Amino acid sequence: EQTTMNIKILGTGCVKCNRLEDATRAAVANLGLDVEIEKVTDPGEIVSWGVMSTPALVIDDEVVMVGKVPQVAEVEQFLRAR
């Protein structure tokens, strides 16, 4: 039985962070996945992930990308790899 994939977007609400969220939501929709997307804006929690530059993408508790805004296709690749 497949559990719901959990995606976290780590960022303080900057433009890049919002773009990452948009790209992630588009990728999820394109792949027809059932996921939970959570935005983490608390700087202390972001640092606890070992992330020093935002935005960052976390899929199922693994940091997969830090400090850039990927294309939708790149996010799809991360999701397919799960």
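Where is D60 found? D60 lies in the loop that runs between strands β3 and β4 (62–66), where helices (H or I, at least four residues) and strands (E, at least two) are DSSP runs numbered from the N terminus.

## The model and its confidence

This is a predicted model, in which local features need pLDDT of at least 70 and side-chain atom pairs count only at pLDDT 80 or more, while totals for chains, interfaces and linings use all residues. Residues are numbered from 1 along each chain as its sequence is written, and side-chain values use heavy atoms, with hydrogens and water left out.

The mean pLDDT of the protein is 94, and 98% of its residues reach 70 or more; pLDDT is the predictor's confidence in each residue, on a scale from 0 to 100. Among the elements of the protein, strand β2 (residues 35–40) has the lowest mean pLDDT, 95, and β3 has the highest, 98.

Most residues other than glycine have a negative phi, and most peptide bonds are trans. D60, although it is not a glycine, has a positive phi of about 45 degrees, and D61, also not a glycine, has a positive phi of about 65 degrees. D61 is found in the loop between β3 and β4.

D60 counts as partly exposed because its relative accessibility is 38%, whereas D61 is exposed because its relative accessible area is 56%. For these words, buried means under 20% relative accessible area, exposed means over 50%, and partly exposed is in between (1.4 Å probe, protein chains only).

P55 has its place in the loop between α2 (43–48) and β3, and a cis peptide bond, with omega about 0 degrees, joins T54 to P55. S53 lies in the loop between α2 and β3, and S53 counts as partly exposed because its relative accessibility is 36%.

Leaving aside neighbours within four places in sequence, S53 is in contact (heavy atoms within 4.5 Å) with V66 and G67. S53 and L10 are 43 residues apart in sequence, and their C-alpha atoms are 9.3 Å apart in space.

## A56 in strand β3

A56 has its place in strand β3 (residues 56–59), and A56 is buried because its relative accessible area is 0%. Not counting residues up to four places away in sequence, A56 touches K8, I9, L10, L20, V51, M65 and V66. A56 and G67 are 11 residues apart in sequence and 6.0 Å apart in space, C-alpha to C-alpha.

E21 has its place in helix α1 and counts as buried, because its relative accessibility is 12%. With neighbours within four places in sequence left aside, E21 is in contact with I9 and K39.

Two packed helices are described by the angle between their axes and the distance between the axes. Helix α1 (residues 15–31) and helix α3 (residues 72–80) pack at an angle of about 60 degrees, with their axes 8 Å apart; axes are lines fitted to C-alpha atoms, for helices over the stretch in contact, and angles run from 0 to 180 degrees between N-to-C directions. The helices α1 and α3 are therefore oblique to each other, given that angles under 35 degrees count as roughly parallel, over 145 as roughly antiparallel, 65 to 115 as roughly perpendicular and the rest as oblique.

In this contact, A23, T24, A26, A27, V28, N30 and L31 of α1 meet V72, V75, E76, L79 and R80 of α3. By class, the contact of α1 with α3 has 8 nonpolar, 2 polar and 2 charged residues, where Ala, Val, Leu, Ile, Met, Phe, Trp, Tyr, Cys and Pro count as nonpolar, Asp, Glu, Lys and Arg as charged, and the others, Gly among them, as polar.
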